[in-house]
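Here is a short briefing to read alongside your sequence and model. Please keep both open as you go through the topics below.

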Amino acid sequence: MSTTPTFDLLIRGGTVIDGTKAPRFDADVGVRDGRVAAVGDLAGASAARTIDAAGLIVAPGFIDSHTHDDQALLARPDMAFKVSQGVTTVIAGNCGISAAPLKAGMKLPMPLDLLDGGGGQRYASFADWFAALRAKPAAVNVAAMVGHSTLRFTTMASLDREANAGEIAEMQRLLEESLEAGAIGLSTGTFYPPAVKASTEEIIAVGRPLTARGGLYVTHMRDESSQVMEALEETFRIGRELDVPVVVSHHKVQNKPNWGRSQETLPFIRAAMQRQTVCLDCYPYTAGSTMIRTDRGMLDGRVLIASSEPHPECAGRELGAIAAEWGVEESEAARRMQPGTAIYFLMDESDVRRILAFDDTMIGSDGIPVGEKPHPRLWGTFPRVLGHYSREVGLFPLETAVWKMTGLTARNFGLADRGCVAVDGFADLVLFDAGTVRDAATYEEPTRPAEGIHTVIVNGGVAWEGGRSTGTRLGQVLRRTPAVAPAGAAA
Ligand SMILES: [Zn+2]
């Protein structure tokens with residue numbers, strides 16, 4: 001018998017893009033005990049398993065900065081829709097919606113029910129939810145925020161008003177308890193009915209526990225249309241009052257009269273960054289997706305039905321065609337299909353490109369893992385940025401594209417030793433072909449896996465190869481390390 005091999009896994013002959021925006025370089029990568037143990041010429045090394053990466057890029061596993069995967073992590077633990085793209089970590093609990101704390105038995109209002117597809121289990125606390133994730137790990141890591149709408153639903157008898165002092169105190173207690181259990185911040189969705197009536201003052205009050213713990217304030221803002229500047233100002237004010245970093249989720253300017261206004265919002269965000277920490281993310285599509293709703297100008301453009309509880313046969317069809325068939329107005333047809341989800345074509349390509357190309361923009365899918373015909377961003381976001389926007393459109397170099405989905409995201413969310421190919425960092429890695437990587441998911445065929453993603457490694461274990469999940473599930477629950485140094489820097 002021979003001596004113990006140097007590494008558990010040796011990735012030989014690849015080109016490393018390390019997630020820091022630094023130029024690529026040729027190197028072997030050795031993995032041991034779930035961490036990167038060596039990067040360089042490892043010609044003499046032995047390993048339990050060697051992967052030939054000749055002709056491939058070796059990058060940090062992608063971090064999806066904006067997901068609604070809270071229930072999917074347990075219900076679909078292979079997470080093929082994410083791992084197939086090279087994603088190794090997801091940020092959950094967005095838009096005010098989280099898997100905990102929830103009471104059993106109560107019917108969730110839209111959009112909180114987005115997480116409930118398939119009758120997912122309820123978790124009374126973040127400690128319970130994290131315990132379930134640790135007992136039955138998913139294929140990807142997760143870090144999660146507490147949803148303000150979820151707190152309101154759990155705490156308030158009626159959601160159509162501002163919270164009173166007693167309810168605010170109870171929400172603070174639940175937030176504190178969740179942060180203690182490992183939640184990384186608070187998310188809001190004041191765009192949505194369960195939180196529309198929450199005032200700025202309510203959010204600041206509920207968010208008080210964030211300050212001492214260095215938690216994040218993450219928001220699907222009140223308005224991404226004609227009042228987008230006011231919504232940004234409210235977001236920045238909440239961040240300043242609480243003295244915490246803010247994340248503007250899926251930044252966009254929607255509805256045709258507002259097209260082009262990313263030329264106002266981005267300089268405004270840049271100016272705010274001079275005095276406080278502001279982060280933002282974006283998905284690479286001109287259509288959004290959320291619950292079926294008929295207000296707020298949501299039906300002003302083309303609308304595709306993604307899922308409908310009363311009318312599942314309508315998934316994948318145009319709202320206009322359904323309305324014509326039924327002989328009713330589009331708004332009436334939409335009402336009849338509630339509850340459900342839809343895809344709304346409300347953005348302009350030039351705004352999407354301008355926001356994606358903004359230096360500090362992270363990549364987040366905002367995918368909703370529900371139904372047969374989801375928005376293609378669920379399966380396509382990351383390869384679309386790498387293949388379409390970086391390689392074909394030339395929006396930014398590949399190194400920048402990778403940084404926007406790895407190092408930048410790990411820094412902003414405080415994920416220590418993630419997002420970088422560096423010695424002692426966790427071995428979350430993706431091997432892909434820079435010449436062929438592309439999204440294959442379309443609005444018509446939204447669940448086609450991406451092309452060009454060769455191998456995906458999570459905490460040292462191969463989770464995806466040969467175009468399929470391996471069944472290896474080593475995902476961890478990640479905590480936030482405030483003001484984390486980039487992976488690779490001194491620990
Ligand atoms: Zn949202």
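Thr235 sits in helix H8 (residues 228-242); helices here are DSSP runs of H or I with at least four residues, strands are E runs of at least two, and both are numbered from the N terminus. Thr235 is buried, at 2% relative accessibility. Buried means under 20% relative accessible area, exposed means over 50%, and partly exposed lies in between, using a 1.4 Å probe and protein chains only. Leaving aside residues up to four places away in sequence, Thr235 touches Tyr217, Thr219, Met221, Val246 and Val248, where contact means heavy atoms within 4.5 Å.

Please bear in mind that this is a predicted model, in which local features need pLDDT of at least 70 and side-chain atom pairs count only at pLDDT 80 or more, while totals for chains, interfaces and linings use all residues. Residues are numbered from 1 along each chain as its sequence is written, and side-chain values use heavy atoms, with hydrogens and water left out.

**The zinc site**

- Which residues coordinate the zinc ion? They are Cys95 through SG, His220 through ND1 and His250 through NE2, at 2.1 to 2.3 Å.
- Donors are N, O and S atoms within 2.8 Å of the metal (3.2 Å for Na, K and Ca), and water is not among the atoms, so sites may look incomplete.
- Along the sequence, the donor residues of the zinc ion follow the spacing C-x124-H-x29-H.
- The histidine pair links distant parts of the chain, 30 residues apart: His220 belongs to strand E10 (residues 216-220), and His250 to the loop between strand E11 (246-248) and helix H9 (262-272).
- Are these two histidines, His220 and His250, buried or exposed? Both His220 and His250 are buried.

**Helix packing**

- The axes of H9 and helix H12 (residues 349-357) come within 10 Å and cross at roughly 15°. Axes are lines fitted to C-alpha atoms, for helices over the stretch in contact, and angles run from 0 to 180 degrees between N-to-C directions.
- H9 and H12 are therefore roughly parallel to each other. Angles under 35 degrees count as roughly parallel, over 145 as roughly antiparallel, 65 to 115 as roughly perpendicular, and the rest as oblique.
- On the H9 side, Ser262, Gln263 and Leu266 meet Asp351, Arg354 and Ile355 of H12. By class, this contact of H9 with H12 has two nonpolar, two polar and two charged residues.
- For these classes, Ala, Val, Leu, Ile, Met, Phe, Trp, Tyr, Cys and Pro count as nonpolar, Asp, Glu, Lys and Arg as charged, and the others, Gly among them, as polar.
- The axes of helix H10 (residues 319-326) and H11 come within 9 Å and cross at roughly 95°, and H10 and H11 are therefore roughly perpendicular to each other.
- Leu319, Gly320, Ile322, Ala323 and Trp326 in H10 meet Glu330, Ala333, Ala334, Arg336 and Met337 in H11. The residues of this contact of H10 with H11 divide into seven nonpolar, one polar and two charged.

**A covered helix**

- How many residues of helix H4 (residues 148-155) are buried? Eight of its eight residues are, and H4 is mostly covered.
- The cover over the buried residues of H4 includes strand E8 (141-147), helix H5 (165-181), strand E9 (185-189) and helix H6 (200-206).

**Backbone details worth a look**

- Most residues other than glycine have a negative phi, and most peptide bonds are trans.
- The peptide bond from Met110 to Pro111 is cis, with omega near -5°, and Pro111 lies in the loop between strand E7 (87-92) and helix H3 (126-135).
- Gln338 and Pro339 are also joined by a cis peptide bond, with omega about -5°; Pro339 lies in the loop between helix H11 (330-337) and strand E15 (340-345).
- Lys21, in the loop between strand E1 (7-16) and strand E2 (25-32), has a positive phi near 80°. Lys21 is partly exposed, with a relative accessible area of 35%.
- Met79 has a positive phi near 50° and lies in the loop between helix H1 (72-75) and helix H2 (80-83). Met79 counts as buried, at 0% relative accessibility.
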